[in-house]
Amino acid sequence: MNIRFCEKCERETEHTEAIKQKPSKYGKSKKEQFKAFLDGFFSGAAASLPGGASLELTDRYVVCLKCGKQTLENHGTEFQ
Ligand SMILES: [Zn+2]
């Protein structure tokens, strides 16, 4: 669990991390995007990237657990 400032909540909240592979095999609808998010979250949390996939092919997000705001976070080392 990560505590960081959420712009939407305007305070520090708990965040979780999600990794999405791109391009997405999922559709563009919100439902499909949510599935992609969950898929990316669990695969990213449970295992390393398959076959040592390049980090350039993934987008890394942090997600506010209070409001669900997703922030693209590709800089990499803040949570390491
Ligand atoms: Zn928030």
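**Figure 1. Four strands form an open sheet in the order 1-2-3-4, with antiparallel pairing.** Strand 1 and strand 4 stand at the edges. Each has a single partner strand, so one side of each is left without a neighbour in the sheet. From one strand to the next, the twist averages 45 degrees. The model shown here is predicted.

Figure 2. Follow the sequence and the pattern reads β-β-α-β-β. The protein has 80 residues, and 29% of them are buried. Its accessible surface comes to about 5800 Å². Carbon and sulfur atoms supply 53% of that surface. Now take the contacts with a separation of 6 or more. Of these, 51% join residues 24 or more positions apart.

**Figure 3. Strand 3 is mostly covered.** Seven of its seven residues are buried. Thr-58, Arg-60, Val-62 and Cys-64 point one way from the strand. Asp-59, Tyr-61 and Val-63 point the other way. Residues of both sets are buried.

**Figure 4. Strand 3 pairs with strand 2 and with strand 4.** Strand 2 and strand 3 run antiparallel and pair over seven bridges. Here Glu-17 has Val-62 of strand 3 as its bridge partner. Three bridges join strand 3 to strand 4, again in the antiparallel sense. Val-63 has Gln-70 of strand 4 as its bridge partner. Val-62 stands opposite Thr-71 in strand 4.

**Figure 5. A hairpin connects strand 3 and strand 4.** Five residues lie between the two strands. Look for Gly-68 in this hairpin. Gly-68 takes a positive phi near 85 degrees.

**Figure 6. Asp-59 is a buried residue of strand 3.** The strand covers residues 58-64. Why does Asp-59 count as buried? Its relative accessibility is 14%, and buried means under 20%. Leave out residues up to four places away in sequence, and Asp-59 still touches Ala-18, Ile-19, Lys-20, Lys-22, Leu-72 and Asn-74.

**Figure 7. Glu-17 and Arg-60 meet in a salt bridge through their side chains.** The structure holds two salt bridges, and this is one of them. Side chains of opposite charge can pair when their charged atoms come close. In this pair, the distance from N to O is 3.0 Å. Glu-17 lies in strand 2 (residues 11-21) and Arg-60 in strand 3, so the pair ties together parts that are 43 residues apart in sequence. How exposed is Glu-17? Glu-17 is partly exposed, with a relative accessible area of 22%. Arg-60, at 13% relative accessibility, counts as buried.

**Figure 8. A salt bridge also joins the side chains of Arg-4 and Glu-73.** Its N to O distance is 3.0 Å. Which parts of the chain does the pair link? Arg-4 sits in strand 1 (residues 2-6), while Glu-73 sits in the segment after strand 4 (70-72).

Key:
Residues numbered from 1 in each chain as written. Predicted model: local features only at pLDDT ≥ 70, side-chain atom pairs only at ≥ 80, totals over all residues. Heavy atoms only, no water. Buried < 20%, exposed > 50% of the residue type's maximum accessible area, 1.4 Å probe, protein only. Contact = heavy atoms within 4.5 Å. Salt bridge = Lys/Arg side-chain N within 4 Å of Asp/Glu carboxyl O. Areas by Shrake-Rupley, 256 points an atom, 1.4 Å probe, with all protein chains shown as cover. Pairing = 2+ DSSP bridges. Axes fitted to C-alpha atoms, helices over the stretch in contact; angles between N-to-C directions.
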